[in-house]
Amino acid sequence: MKFEGTSSYVATDDLKIAVNAAIRLERPLLIKGEPGTGKSVLAAEVARVLGAPLIEWHIKSTTKAQQGLYEYDAVSRLRDGQLGDERVKNIANYIKRGKLWDAFTAAERSVLLIDEIDKADIEFPNDLLQELDRMEFFVYETGETVKATTRPIVLITSNNEKELPDAFLRRCFFHFIKFPDAETMRRIVDVHFPGLKNRLVGDALRIFYELRDVPGLKKKPSTSELLDWLKLLLHEDIDPALIRESDPRKLVPPLAGALIKNEQDVHLLERLAFMTRRRKE
């Protein structure tokens, strides 16, 4: 079965090709792109289409590669030994399985999401090279080898905060999700807000893309933030005329907190509005 997008996820042709190529090659699919472009959601949609369980490993700055395999709780075993607990006789009682272990031993082919791999330290990807390549790892405490019975589909996301090692990149199929153009964005909006008036969508998209084009903007609004903004506009029943009159070079649009996420950009838009009014005067 091929991935062709879903009713709730608009996938471009090049993204569909990338997903299916990675599955065919049995390589991890490395997805990069701006935050809010649907990288993480993609894994859930692929799992849904293929009818596969989704296993999610969300990476933090403190995450270590070993945690994805397993963790041995020596402290708990020592404490239980002091208390005379019978569990200490079996060291396996103190082995906590990681997400890769779960994916390797799943009863059916699973989809494994390694989310925001670039948050971890630079050695993190290299520490997983062999495990992702061979689909197996050794548990030293029990002397067992955990090997994938069915090779999982692996999706890895990155926001490009750090460069990933070449050795890791060689083992992945790579795809960069380009920011959606206006036509694709309208399709995305239609999925989330079916039946929304074309005039409202058109005006909202115009303001959204004009905001993204403002020179010097520190953080451009993302797809997910556009959807939040539209949801608020509908909930608050904002007069469409206010949106049509809005221009990021003249004033901050209504409910801009859904789109603009730092004070520097708010000040920038306010300065542009002030300068525009001065010129008119």
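# Salt bridges, domain contact and local elements

Arg171 and Asp133 form a salt bridge (a side-chain nitrogen of Lys or Arg within 4 Å of a carboxyl oxygen of Asp or Glu), their closest N and O atoms being 3.7 Å apart. The pair links distant parts of the chain, with Arg171 in the loop between α8 (166–169) and β9 (173–177) and Asp133 in helix α7, 38 residues apart. This is a predicted model, in which local features need pLDDT of at least 70 and side-chain atom pairs count only at pLDDT 80 or more, while totals for chains, interfaces and linings use all residues. Residues are numbered from 1 along each chain as its sequence is written, and side-chain values use heavy atoms, with hydrogens and water left out.

**Salt bridges**

- By this rule the count comes to 14 salt bridges.
- Asp133 also forms a salt bridge with Arg27, with the closest N and O atoms 3.9 Å apart; Arg27 lies in the loop between α1 and β1 (29–33), 106 residues from Asp133 in helix α7 (residues 129–134).
- Shared partners join Arg27, Asp133 and Arg171 into one network of salt bridges.
- Relative accessible area is classed as buried under 20%, exposed over 50% and partly exposed in between (1.4 Å probe, protein chains only).
- Arg27 is partly exposed at 36%, Asp133 is partly exposed at 36%, and Arg171 is partly exposed at 27%.
- Asp13 and Lys16 meet in a salt bridge of 3.8 Å, N to O; because they are three residues apart in helix α1 (residues 13–25), about one helical turn separates them.
- In this pair Asp13 is exposed, with a relative accessible area of 56%, whereas Lys16 counts as buried at 18%.

**Domain contact**

- The domain assignment, with bounds from an automatic or database source, gives domain 1 (13–176) and domain 2 (182–279).
- The centres of domain 1 and domain 2, taken over C-alpha atoms, are separated by 37 Å.
- Four residues from domain 1 and four residues from domain 2 take part in the contact, where contact means heavy atoms within 4.5 Å.
- The two domains bury about 260 Å² between them, 34% of it on carbon and sulfur atoms; buried area is the accessible area (1.4 Å probe) that two parts lose on being put together, summed over both.
- Glu34, Pro35 and Gly36 supply 89% of the area that domain 1 buries against domain 2, more than any other three residues.
- The rule finds one salt bridge across the interface of domain 1 and domain 2.
- Glu34 forms a salt bridge with Arg212, with the closest N and O atoms 2.9 Å apart.

**Helix α11**

- Helices (H or I, at least four residues) and strands (E, at least two) are DSSP runs, numbered from the N terminus.
- The 13 residues of α11 (residues 223–235) should span 18 Å at 1.5 Å a residue, which agrees with the 19 Å between its end C-alpha atoms; the expected span is 1.5 Å times one less than the number of residues.
- Its buried residues are Thr223, Glu225, Leu226, Leu227, Trp229, Leu230 and Leu233.
- Thr223 has a relative accessible area of 7%; beyond its neighbours within four places in sequence, Thr223 is in contact with residues including Gly36, Thr37, Phe179 and Phe208.

**Hairpin β6–β7**

- β6 and strand β7 (residues 144–147) pair in the antiparallel sense over four bridges, where pairing requires at least two bridges found by DSSP.
- Four residues lie between β6 and β7 in the hairpin, and Gly143 in the turn has a positive phi of about 75°.
- Glu136 stands opposite Lys147 in β7.
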